[in-house]
Amino acid sequence: MKPLQSLSLSAYPLPLFLLTSQALNQSRGFDYVNPLIGTVNGGHVFPGATLPFGMAKAVADVNGENQGGFASDGSAITGFSHMHDSGTGGSPSLGNFPIFPQTGCPGDIINNCKFTQADRATGRINGTVEAHPGYFAITLNTTVRAEMTVSNHTALYRFTFPEIPLEPNTPLSPLILADLADLPNSRSSGAVSVDPVTGRITGNGTFSPSFGIGAYDLHFCADISGATVRDTGLFSNNRAGAGRSLVVKADGVNNSPQILPAGAWTRFHAPTSNGQILARVGVSFKNVAQACANAEREIPDFDFHGTLRSAEAAWRDKLSVLEIEAGGASDELQTVFWSGVYRSMISPQDYTGENPLWDSAEPYYDSYYCIWDSFRSIHQLITLLDPQSQTLMVRSLIDIYVHEGKLPDCRMSLCKGFTQGGSNADIVLADSYLKNITAGVDWNKAYEAVVSDAEVEPLNWGVEGRGGLQSWKSLGYIPTDDYDPDGSGLRTRSISRTVEYAYDDFCIAEMAKGLGKTADYEKYTRRSSNWKNMFKPDQTSLINGTDTGFIGFLQPKFLNQTWGYQDPIFCSPLLNFTSCYLNPDGHETYEGSSWMYTFFAPGDMSSLITTLGGPQAFVKRLDYLHESGLLYIGDEQAFLNVFLYHYAGRPGLSAARTRFYIPSQFNDTLAGIPGNDDSGAMGSFAALTLLGIFPNPGQDVYFITPPFFKSVAITNRQTGKKATIRNVNFDPEGKNVFVQNATLDGVPYTRNWLQHRFFLEGGTLELVLGPTESEWGTRDENLPPSSSKGQGTMKMDVLVV
């Protein structure tokens, strides 16, 4: 696939001949981003206009697969809305207050325009979608061209109308409506007003989150420029009329999914400037006045080109820390890489100044879908490329704990989301603590927060913290059918929760060690080995009646310490794949099999390898996991399994395995990710894998595999230093994927992993490649640390920059 657009001089303040080679490379990265990857086949990617981590997110909404608003599935357009999430599962999210343009009302009769979502749903003209960072455009089959860009809290739309509407007996008199709706039709109440002189439409609504509990209020302010107001009014259901304001409430009858449509409209005389009308929509969680103030401050003059240039510049700046020398690597791989980086910076979203729940000088970030997904690779990539943003996210997580009493595991639209496993913010905090995320961070308060997760059970551990802590502390595992009088939550996932709680405690132990809390370090290190308590050494596994030949798997265990049974392949693609979701019948592993979870002991892989029969047996079992169809790479728990060969002294097999999944599962097609993107999780996996530096999340460990390009470089925004990884004997066809030897700044380097210090201090790691495995990185002293070997990662000294 070729780059999506050519170099644009208008994007730069300097003449082209003054641009450095780095700036040219940055532009090339920008041009390779394809926001439409993942907009079919369950990817649920938001492809519209947004700033990095921005609140306003504008796109065309469809009546098809609309979790991210738009999908490339040919479904009809129902509106253009201003806030979205990306890559979510289950219910659609946000999409509040969609606006919709119509060229005019047939017969010039207002009630001949279309007001309900079903009536106004309009097809798109194939081949008219355009998307790049900060911009989205599409042409409706009414020939109305819709373009959009954004500032931080404001969406700006440019609608270009035809001189003569396609519909017979319809004069050109554009009507733009604003609907008190959201994508999941969750509105419980709302209000709308329209100014008959200016045509300004304002309103608010109360809505439900897509994956959590509670409700949130959102407000909007829509101003329209480019044509003279003809008349204004309101609509209710499918009828329109005069009026200035309307209040709607749930009536006990018209509840979701059949909420009574309502909103306001403004009709215009024909526009005089290129047939164009601009609509500016500000949003706020606080009130209408702030929504209007956001719009007026951020886009005061409806300058579409200027707003677009600013949005593009923000994205170019974020991408500018990366330099890629492709060395013959395909356009497809470059598109996968840059698009993955881009999607990793859509969420979490910066709602600082928009949180009505408490007053605080700290930043506030939202739309964590969910930390169970994002702790594995998203936050690690953000830490590498944008440590300032990761710092703000960490401070936001701590501030949520300060005001709500627990760290979130998932959070969206100011609401608590459902916990899927452990208390995974613990891992994010530990990872950041170890990697010099320091500016303004109260690490003592952060430690207090993670200890609260480990020691204090909340009343509802379905939305925060951990459940079953009595059993966890006394038995060392979460029993099946656990007796838990201290809190409520789904009494499922006993296996996956046990191994995840164990790793959460490992990460707390790392923080305790760095903070000098020796007793805590010893306690949580002991608890981190609790995964062993659900390992049944004589458990076998069969597939279609044939023994796999592997013995020993995690199994359910009751309060009386007797064993239960769950087929080790259950909830894999080979047996009842979708039977382990978040519901009361969700079984003892979550979104995966016991086969997969048996590999999850990230803090002590040395002990796990011994438990599973030693390195050779471990490699054989890991190969079987990948090649038998048991593993689904489209769920985040699969990611780490690609690189576990490093712990068995076979880093070359990790490198080979990366080529097993890319580009077969991660490519540049519209269906180019294997599953729901989960707020950029799939994108971050692809980007880090292509860079050759995949992290063990929650530790100061990056597994080394050869990058998919001749060389890659990252300039650290904290220190200004550049870290370069260069392949010698690079083969773009992927045959030379095995490291023969390596040097770091000219000195032989034999470890098969890196620490974050490399990226802070800079330097050059040179990998000499060949077509066969070598001895590099295979010795015991070359392997990543494991707690049972007395090794561990500890917070580095703070760098003064």
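How do the residues of the lining of the largest pocket divide into nonpolar, polar and charged? The legends below start there. This is a predicted model, in which local features need pLDDT of at least 70 and side-chain atom pairs count only at pLDDT 80 or more, while totals for chains, interfaces and linings use all residues. Residues are numbered from 1 along each chain as its sequence is written, and side-chain values use heavy atoms, with hydrogens and water left out.

**View 1. The largest pocket and its lining.** The lining divides into 12 nonpolar, 15 polar and six charged residues (Ala, Val, Leu, Ile, Met, Phe, Trp, Tyr, Cys and Pro count as nonpolar, Asp, Glu, Lys and Arg as charged, and the others, Gly among them, as polar). The pocket holds about 720 Å³ of space. Look for Gly89, Gly90, Tyr581, Glu591 and Asn676, the closest to its centre of the 33 lining residues. On a 1 Å grid over the protein atoms alone, a pocket is an open set of points with protein on both sides within 12 Å along at least five of seven lines, a cavity is a set where a 1.4 Å probe fits but cannot get out, and lining residues have an atom within 4 Å of a point. A volume is the space filled by probe spheres set on the points, which are joined across faces, edges and corners.

**View 2. The largest cavity.** The structure has 14 cavities of 30 Å³ or more, and the largest cavity holds about 110 Å³. Of its 13 lining residues, Arg376, Met596, Phe600, Gln637 and Asn641 are the closest to its centre. The lining of this cavity has nine nonpolar, two polar and two charged residues.

**View 3. Helices α7 and α18.** Helix α7 (residues 378-385) packs against helix α18 (residues 681-691) at an angle of about 55°, with the axes 8 Å apart. That makes α7 oblique to α18 (under 35 degrees counts as roughly parallel, over 145 as roughly antiparallel, 65 to 115 as roughly perpendicular and the rest as oblique). Ile378, Leu381 and Leu384 of α7 meet Ala681, Ser684, Ala687 and Leu688 of α18, where contact means heavy atoms within 4.5 Å. Six of these residues are nonpolar, one is polar and none is charged.

**View 4. Helices α16 and α17.** The axes of α16 (residues 615-627) and α17 (residues 651-661) come within 12 Å and cross at roughly 5°, so α16 is roughly parallel to α17. Axes are lines fitted to C-alpha atoms, for helices over the stretch in contact, and angles run from 0 to 180 degrees between N-to-C directions. Helices (H or I, at least four residues) are DSSP runs, numbered from the N terminus. Val619, Asp623, His626 and Glu627 of α16 touch Leu653, Arg657, Phe660 and Tyr661 of α17.

Definitions and conventions: Helix = DSSP H or I, 4+ residues; strand = E, 2+ residues; numbered from the N terminus.
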